[in-house]
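Dear colleague,

I am passing on the structure we spoke about, and you will find it just below. My notes on what turned up in it follow after that.

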Amino acid sequence: MTAHTDAIPFDSAFAQDLHARYAQLREAGPVHRLISDSGLPVWVLTRYSDARAMLTDPRLSKDAQAIFRLILDRFASESERQDSEDGRFAGAGFDMHMLNMDPPDHTRLRKLVVQAFTARRIEALRPRIEQISDELLTAMAGEAEVDFLDAFAFPLPIRVICELLGIDESRRDDFRHWTNQLLDDIDGEASAQAAREMAQYLTELLAAKRQHPADDLLTALIEVSEDEDRLSETELISMVFLLLVAGHETTVNLIGNGVLALLTHPDQFAALRANPELVDGAVEEMLRFDGPLMHATFRFTTEPITVGDTVIPAGEFVWAGLAAANRDPEKFPEPEAFDITRDSHGHLAFGHGVHFCLGAPLARREAQIALRGLLAHFPDLQLATAPENLSRRNSSLIHGLQALPV
Ligand code: HEM
């Protein structure tokens, strides 16, 4: 076998230079074994067809309990194993969500949230998203230079998701802090602390909503959970946690990376100005070209799987390299070109299969509204620094900028 089993560190240098590194790996072969910065070996698939196939392969599991036992068995010391309460995963109390489960549990949970997360609810949000976007852009006017992430890309999605769920806006800054701590690769104690604070807040919030129901997603989820007991309290808290975390940093960095692509491709920016009808296609191309996630989340093999001529044994962690797949020349001709008029259909930025992003319609709507607002308010927006001075976040999941001065 031509297995590329050399340990390649998946470190912050990789994150800083994601597309070039992934292009090298893709050319070298369809599957590579990387060492994540937590020391975990992970197999990464770099080609579009393999990544897409893996996301619907039932031999790849997302069962968090099983993943936890696997990590304990393979990587923990004897005393860590004994400390872990008979080998059950005891996270911060919000890990029992659908992205950590396989069918049929996944199917049950996803069905419940789909009932509450309706197209009607998202469409009803449109005027509010427009209003929030407009407020933020208006506040930017008059400033010679701002960090576009701080001034716009961060506050928009967090305000929208708080609005959707029915969360008090005064806690927005806490949410930004908590999700940052949870997603960036920093010390474990800081993220455990953030997780505890967030779980505590969510528990209080649910109690308050039970006393004062409102016309929001949280109340709808509580109603669904109380109806025939179909959602336990832990599952409910986990669901809200997932919606907050999955719906926040991703959208921030879709907008951030997307605006960077426009500013570094002035011909594309000009084409969009000349024809704002191209906005929807531009958002798809932004997702393909420089989406906010590097890979899909972990899966593990329950049986050996073959990729190219490499056999990945059972019990190994696998990542679909979304950022690599979306620039695979077999699928997207001239993949390094950012072209808002190309057919980006089929990109994997939102994943594929049963875990396909639940929030995709909302994320698309937010990014489209953001771009239209930007064209109207700042048709001449420019980068305030050379692109080489920009640095990326040190996260092994999120692909985003540290700052975007404009
Ligand atoms: C799942 C990407 C925004 C909620 C996923 C997955 C991807 C993804 C790749 C699948 C992960 C996997 O299979 O391992 C994105 C991107 C977004 C975005 C690129 C923005 C640009 C949102 C928003 C929400 C959301 C706004 C909710 C408000 C979810 C949920 C899941 C999910 C609940 C899990 C679905 C399941 O397990 O069935 N997302 N997401 N996402 N996303 Fe998103």
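Please keep in mind that this is a predicted model. Strand β3 (residues 41-45) and strand β8 (residues 317-320) run parallel and are joined by 4 bridges. Val 42 also stands opposite Leu 34, which belongs to the pairing of β2 (residues 31-36) with β3, an antiparallel one that extends over 5 bridges. These two strands, β2 and β3, form a hairpin with 4 residues between them, and in its turn Gly 39 has a positive phi of about 90°.

Turning to the ligand, there are 25 residues around it, of which Gly 247, Thr 250, Gly 351, Cys 357 and Gly 359 come nearest. The elements that give two or more residues to this shell are α13 (233-264) and α17 (360-377), and α13 gives the most, with 7 residues. By class, the shell consists of 16 nonpolar, 8 polar and 1 charged residues.

Helix α13 also packs against helix α10 (residues 172-183), at an angle of about 90° and with the two axes 10 Å apart. Because angles of 65 to 115 degrees count as roughly perpendicular, α10 is described as roughly perpendicular to α13. In this contact, Phe 175, Thr 179, Leu 182 and Leu 183 of α10 meet Leu 244, Val 245, His 248 and Glu 249 of α13, a set that divides into 5 nonpolar, 2 polar and 1 charged residues.

With best regards

Methods. Residues numbered from 1 in each chain as written. Predicted model: local features only at pLDDT ≥ 70, side-chain atom pairs only at ≥ 80, totals over all residues. Pairing = 2+ DSSP bridges. Near = placed C-beta within 6 Å. Nonpolar A, V, L, I, M, F, W, Y, C, P; charged D, E, K, R; others polar. Axes fitted to C-alpha atoms, helices over the stretch in contact; angles between N-to-C directions. Parallel < 35°, antiparallel > 145°, perpendicular 65-115°, else oblique. Contact = placed C-beta atoms within 7 Å.
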